[in-house]
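Thanks for making time this morning.

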Amino acid sequence: MPSTELPLDVRLMTAVTNTLVGLFVALGLGMLGVWVVRHPAWSVTGISVQGDVAHQNTVGLRAQLASQMRSTLSSSFLTVDLQQVRRLFETVPWVRQAVVQRDFPNRLRITLQEHQVVAWWGQAGSGQLVNQQGEVFEANPDDNDGLPELAGPPAQSARVWALYQVLSPELSRLELGLQRLELNERGSWSAALDNGARIELGRGTDEELLARTRRFTATLSQLTQRYAGALQSVDLRYPNGYALRLRGVTTVNPDDQKPTRNTR
C-alpha cells in the first residue's frame, strides 16, 4: 500500500499557515476586545450613593472628589479600578467604609458607612473624634455638646473607649458623669467627672480598674452622708481602699499631711 504521508515541506507550510491563522485570529479578537472596552457605550455615565449619608450626599461628594474622579472614571466601565474608587471615597470626612459595585450597563453604585461619633480624641474641639469601633478619625461634629473626651497613645484608642464603656455605667449609678478618660504613656489611668472631680485609677487590667471603681461607688454615699462637701478628687490606687478630698472639708491628717483613707 503506497504511503500517504505528506512531504516534509508541505507539512511545514501547513504548520506555519495554521500558526499564522491562529495569531491573526488572536490579534483580531484582542483588537475587538479593546474596541468593545473603549466604546462610548461602556463609559461610566453616573454614580449612585446609598447607605449612611447623614453627613454626605451625591452632590457634595461630587464636589469634593471632582478632580480625582475625573481621571479615575476616564477608563471604561469594564476596566475602572473599583479599589481606587473605594479609596477615594474613604478619604472623605465621616466616611468610614465604602463599597463600590458595577451597576450595569454603565453606572457605579457606592454604599457608604459613616463613622458614628462617640467621643472627642484628646481635647474637645481638636478635630479628632472616636467612633463606635474605637477608631480615631478627623471631622467636625454637627453637635459637640455632651461628647466625652478620651485620650492616650493613638494605638490604644480602642482600649480607652472599651474601658470608658465599662466605667461610665458604674459611675452613673451615683449620677456621676464620666467626662474624660485618659491613659498616659506609663500605662496609668485617670478620669475627670462632669462635676469637676478627678479620679486617679492607676495601672491594671479593665477588671482591676472596674473593681476599684466599684469599691468607691459602693461606699461613697456613706462618706457623703458624714461629710457634706462636694467631691474634688479620688485616688483609687490604694490596695485596700481609696483616698478622697471634699470641697470645704478637711480630709488630711494634720500629723502626717497624708489623705485619710477609706478602707471599707
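Leaving aside residues up to four places away in sequence, L201 touches L167, L181, W189, S190, A191, L209, R212, T213, L236 and R237, where contact means heavy atoms within 4.5 Å. This is a predicted model, in which local features need pLDDT of at least 70 and side-chain atom pairs count only at pLDDT 80 or more, while totals for chains, interfaces and linings use all residues. Residues are numbered from 1 along each chain as its sequence is written, and side-chain values use heavy atoms, with hydrogens and water left out.

L201 is also, with L150, L181 and F216, among the residues that touch the most other members of the largest nonpolar core, which has 32 residues. By such a core I mean a set of buried Ala, Val, Leu, Ile, Met, Phe, Trp, Tyr and Cys residues joined through side-chain atoms within 4.5 Å, buried being under 20% relative accessible area, with a 1.4 Å probe and protein chains only. The elements giving two or more residues to this core include α4 (157-172), β10 (198-202) and β11, helices being DSSP runs of H or I of at least four residues and strands runs of E of at least two, numbered from the N terminus. The largest share, 6 residues, comes from α4.

Now to D235, which is placed in strand β11 (residues 231-235). Is D235 buried or exposed? At 17% relative accessibility, D235 counts as buried, and its side chain joins that of R237 in a polar contact of 2.9 Å, that is, a pair of N or O atoms within 3.5 Å, one able to donate a hydrogen and the other to accept it, with residues adjacent in sequence counting only if both atoms are side-chain atoms.

Finally, in helix α3 (residues 82-89), L82, V85, L88 and F89 are buried.

Technical notes: Buried means under 20% relative accessible area, exposed over 50%, partly exposed in between (1.4 Å probe, protein chains only).
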